[in-house]
Amino acid sequence: MSRYFIRRLLLVVPVLFGVSLFTFILFFIVPGDPVLSVVGERASPETVALIRAELGLDKPLPIQYATWVGRALKGDLGRSFLNRRSITESIQARFPVTLRLSLYSLAIAVALGIPAGVWAAVHKGTWIDAALRNVSLIGVCTPVIFQGLALQYIFGVWLGWLPVSGIGDGSWRHYLLPAVVLGTNIAAFQARLSRAVVLEVLDQDYIRTARAKGLSQRVIVYKHALRNAMIPIVTALGGSLGSLLVGSALTETIFALPGIGSYTLDAVFARDLPVVMGAFLFQAVVFVGVNVLLDGLYVLIDPRVRYD
Amino acid sequence: MTARKPSSNLMTATETAAAGNVYLGETQLALAWRRLRRDRVAMAGLVLVLFLSLVAIFAPWLAPYDPVTDYNLRNRLQPPSKEHWLGTDASGRDVFSRIVHGARISLTVGLTSRVVTLVLGVGLGALAGYFAGTWVDMLVMRLSEVVDALPSLFMAIAIAVAIGPGIYTVFIALGFVGWADMCRLIRGQVLTIREEQFVEAARAIGCSTGRIVFRHILPQVTAPIIVSLTMGIAGAIMAETALSFLGLGAQPPTPTWGSMMNYARQYIYIAPHLVFAPGVAILITVYAFNLLGDGLRDALDPRTKT
């Protein structure tokens, strides 16, 4: 068990190395000088040279890269080109926003998606199933941008019930609309998946045995079928959590939430290379970390899974 | 390793025959088509996809106005009317005409970026699968893990910013992002199939590796490729919208659904139809491809009862 996780963690190292190298290379093949895009085209050559030396950009690329990796390992992701703020501190300040949004979204997804999927599976072939399938397919097909703008219009502008953007005093009301956008999207996907998985499980022999024993439908579905169906469902939820925690660029941008997603996006547009690299590395760590943790979770929900 | 469900939507010829599903004299494709035709929902998806393709192809003839040059600032931000079915935008251009022309971009991007994905994913996946266990496999798999460790939208955005906005950027960025899934799918299938007897037989009569991979193994994985392609188009259309929304796609005044929503944002208080028109267009298109994809998955799966 622990040996498996040690090996799993060791395999993460080359991936993170690849991610950092990828971002580094990507932004050095970009035409145009990152310094010029910061100080403006009309800065004097002396100023440019000075800033370049200050940022360490005058050194050869491999050395720049090595310096960056060395600092990153100590938790120092460097400073922004644009405003000289510490990237590690910015991420620390912004991650809670993304975390809260993720948890609210996930709660909405679990509360809507799984029951809808199970309900549809149990009523397979009826109008309930057909209706739920259509609603969830529409949910899967609705672009986040459109849903975000539509909700802003309906609840913010038309009805005037909820704030349209920003986090204001940080109350849940500011998180509700973006969480609904992300949550319903995941819920739609969850519903489709849960339905398929539960149907597959309900088709198995041990369920027939349970029925033959005369157990009630409720006991069969909730005690027997659902437990086995949980494994793929939890896998998918974990995947969703991973992508939520790295921040949703679109949703955070539309609702002007200062999270990790909008932070990364702004940096990409501003060509703020240190921020982009830091944010990408942070996202990769979170994403891969969630997946490693999930592998551990399987052992808890499924005693058949053993790692050795 | 991880408790992932094996993707087993493909069976070997022997297994299919054993399941009693083979109709003599009928190819697998004809069989799948017969199944698909009976699936009313999937056929609705197919009809919708064909309809949207026709709209895209004949856009210049279908649109009542030119999407770019027919502007009229005196007639801007009008609600839907008899002259302008979906109203006019901030420059007084006909929204309906722009939506019709936008279908061209969306469908082209969907198809082209998936072709890029297909070439990369199938090529690398087949390579890794056939040479499983060697350094080639190792390299390809590590590469796909790196691609997977980054959220795909961020990566597409980063690539798009790096090579500059534009329609070709979208093809490359989206094509490059999706290949890892396809690669793993193909690798897994090839790994199973390469142990089959007919591959051994091909090797025994002296077929070259290239011939074995392309003529003997790859035709066996057409079904998952077709399904993944159809679903992928839907995903790519959504992603194109996102890139255009962020200003990284085709540049104005080219009409794309994403950029239309982007510009509509600031007028959401006075002209909400500008947001809803492209939004519903995307929704319908993605919905159609998903219906078709779901149906194709069932039709191409030999386990489905005929």
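The model is predicted.

Chain A is built from 13 helices and zero strands. Its C-alpha trace spans about 85 × 55 × 35 Å along the principal axes. Of the 308 residues in chain A, 38% are buried. Among contacts in chain A with a separation of 6 or more, 72% join residues 24 or more positions apart.

The contact between the chains draws 42 residues from chain A and 32 residues from chain B. On the side of chain A that touches chain B, seven elements of chain A give two or more residues: H1 (2-28), H6 (127-141), H7 (144-158), H10 (217-245), H11 (249-254), H12 (260-270) and H13 (273-301). H13(A) supplies the largest share, eight residues. By residue class, this side of chain A holds 34 nonpolar, six polar and two charged residues.

Helix H3 of chain B covers residues 40-57. Its 18 residues should span 26 Å at 1.5 Å a residue, and the end C-alpha atoms are 26 Å apart, so the two values agree. Four residues of H3(B) are buried: B:Ala42, B:Gly45, B:Leu46 and B:Ala56.

How values were computed: Residues are numbered from 1 along each chain as its sequence is written. Chains are lettered from A and ligands numbered from 1 in the order in which they are written. This is a predicted model: local features need pLDDT of at least 70, side-chain atom pairs count only at pLDDT 80 or more; totals for chains, interfaces and linings use all residues. Two residues are in contact if their C-beta atoms, placed from the backbone, lie within 7 Å. Ala, Val, Leu, Ile, Met, Phe, Trp, Tyr, Cys and Pro count as nonpolar, Asp, Glu, Lys and Arg as charged, and the others, Gly among them, as polar. The expected span of a helix is 1.5 Å times one less than its number of residues. A residue is buried if 20 or more other C-beta atoms lie within 10 Å of its own, exposed if 12 or fewer, and partly exposed in between; C-beta atoms are placed from the backbone.
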